[in-house]
Every structure is written in C-alpha cells, then in structure tokens.
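I opened the notebook to look up a few places in this model one after another, and I keep the entries in the order in which I went through them.

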Amino acid sequence: MKSILFVCLGNICRSPLAEGILRKKIAEKNIPVVVDSAGTINWHAGHRPDNRSVMVAQQFGIDISGLRGRHFNSKDFDQFDLILAMDKQNLNDILKLAPDEASKLKVKLCLDFAGLGTNKDVPDPYYGDFEDFDDLYQLLDKACEQIIIKLTA
Ligand code: 4NP
C-alpha cells in the first residue's frame, strides 16, 4: 500500500489540513493509501491543529480536530513512500535528516509533485487571517485532487 506523509513546520496548520483533505478524497474513492502528517519543529507535538485549520476543514465537511501534532523523524523515511514538504525550508530541513540517497528521492515539494508549479511554496498561514486559511484550503484541495490523479494513474 502506498503511504504519503505531509510535512510542514509546526504540523498544526498546513500539513494536518492536507492530511484531512487527502484522507477524505481517498475514502470517497476507496483508494488504499496511508496518509499522515508531521512537523519539522517539535513545538506543537501533541497539540491539536490550529483552530483556523479545524474551522476551514469543518466548512467543507472534514473533521481534523482529532489529529495531533508530531515531530518528523528519520524513521519516517522507512515508513513512507512519499514525503511532501509544504515549503522549501521544510524540504531542506527534511533532507538534512535523510540517511541515504533513496530516502532523499522520497522527498518532494508538495506543489511540484501535484504539478501546480515549480519551486512554489504552500504559504505559511500562521501569522495570517482567516482568509489565508480559506486560500490555503483551496490550494491544498487542488493539490490533493492532483495527488489522487497521480496515485491512480
Ligand atoms: P504550519 O504553521 O507549519 O503550517 O503548521 C505554523 C505553525 C506554527 C508555527 C509556524 C507555522 N510556529 O511558529 O509556531
């Protein structure tokens, strides 16, 4: 079974939202994929997602309130086939922990993998307002739609 890990900085805004959106789409389409998320910093380990991500997900019928933050670690390279970083800083921080070349090849920028741009970040919405989270939802929804197409191609 394929497994995908979304990674952002805190694992409370972007990556848990991506996890929730992709989980919903694969459940609707009955696609056997394992989905998880993690953060490159440990500040929010054990915390529930940011309320703004919880609220925007809820508006689209997705409940991510049960997710809990966790710190990305080098075991994730063994456990996941594909590691999708939300921005270039996350990508670099993940690559620094990669034990070998095969592990490095698993790591991609999320929007690159989704075919939605080259070298483009999913903007960090932490210091933004609710509108930024709405934009974030729309972008991640588009990305997850493309990820599903790639997974089922
Ligand atoms: P995320 O957003 O990486 O999308 O979860 C952030 C969450 C927390 C912080 C920064 C970004 N922080 O500085 O605590």
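**Entry 1: the ligand.** I am working with a predicted model, and I keep that in mind for every value below. I began with the surroundings of the ligand and found C8, L9, G10, N11, I12, C13 and R14 there, together with W43, H44, D124 and Y126. I then looked up which backbone atoms come up to the ligand's oxygen atoms. A polar backbone atom of L9 is 2.9 Å from an oxygen atom of the ligand, a polar backbone atom of G10 is 2.8 Å from an oxygen atom of the ligand, and for C13 a backbone N or O atom lies 2.9 Å from a ligand oxygen. Taken alone, the ligand exposes 350 Å², of which the protein buries 95%. I also noted that the space the ligand takes up is the largest pocket.

**Entry 2: N11.** Among the residues around the ligand is N11, which I placed in the loop between β1 and α1. Is N11 buried or exposed? Its relative accessibility is 2%, and because buried means under 20%, N11 counts as buried. The side chain of N11 makes a polar contact of 2.9 Å with the side chain of S37, and a polar atom of the N11 side chain also lies 2.9 Å from the backbone nitrogen of R70. Leaving aside neighbours within four places in sequence, I listed P16, S37, A38, G39, R68, G69 and R70 as the contacts of N11.

**Entry 3: S15.** I next went to S15, which lies in helix α1 and is buried, with a relative accessible area of 0%. A polar atom of the S15 side chain lies 3.5 Å from the backbone oxygen of A38. With neighbours within four places set aside, S15 is in contact with F6, V7, C8, S37, A38 and M86. I noted that S37 and A38 are found in the contact list of N11 and in that of S15.

**Entry 4: K2.** I turned to strand β1, residues 2-8, where K2 has its place. K2 is partly exposed, at a relative accessible area of 42%. Which residues does K2 touch, not counting those up to four places away in sequence? I found P32, V33, V34, D81 and L151. For D81, I noted that it is 79 residues from K2 along the chain, while the two C-alpha atoms are separated by 6.4 Å.

Entry 5: In α2, which covers residues 51-59, I found R52, S53, V54, V56 and A57 to be buried. The buried residues of this helix pack against α1 (14-29) and α7 (130-152). I recalled that an α-helix has 3.6 residues a turn, so residues three or four places apart point the same way. At the start of α2, a side-chain oxygen of D50 reaches to within 2.8 Å of the backbone nitrogen of R52. G61 follows α2 and has a positive phi, near 75°; I located G61 in the loop between α2 and α3 (76-79). Why does G61 count as exposed? Its relative accessibility is 55%, and exposed means over 50%.

Conventions
Residues are numbered from 1 along each chain as its sequence is written. This is a predicted model: local features need pLDDT of at least 70, side-chain atom pairs count only at pLDDT 80 or more; totals for chains, interfaces and linings use all residues. Side-chain values use heavy atoms; hydrogens and water are left out. Buried means under 20% relative accessible area, exposed over 50%, partly exposed in between (1.4 Å probe, protein chains only). Helices (H or I, at least four residues) and strands (E, at least two) are DSSP runs, numbered from the N terminus. Contact means heavy atoms within 4.5 Å. A polar contact is a pair of N or O atoms within 3.5 Å; within protein, one must be able to donate a hydrogen and the other to accept it, and residues adjacent in sequence count only if both atoms are side-chain atoms. A residue is near a molecule or strand if one of its heavy atoms lies within 4 Å of it. Accessible areas come from the Shrake-Rupley method with a 1.4 Å probe; for residues, only the protein chains shown count as cover. On a 1 Å grid over the protein atoms alone, a cavity is a set of points where a 1.4 Å probe fits but cannot get out, and a pocket is an open set with protein on both sides within 12 Å along at least five of seven lines; lining residues have an atom within 4 Å of a point. A molecule sits in a cavity or pocket if more than half of its atoms lie within 2 Å of its grid points.
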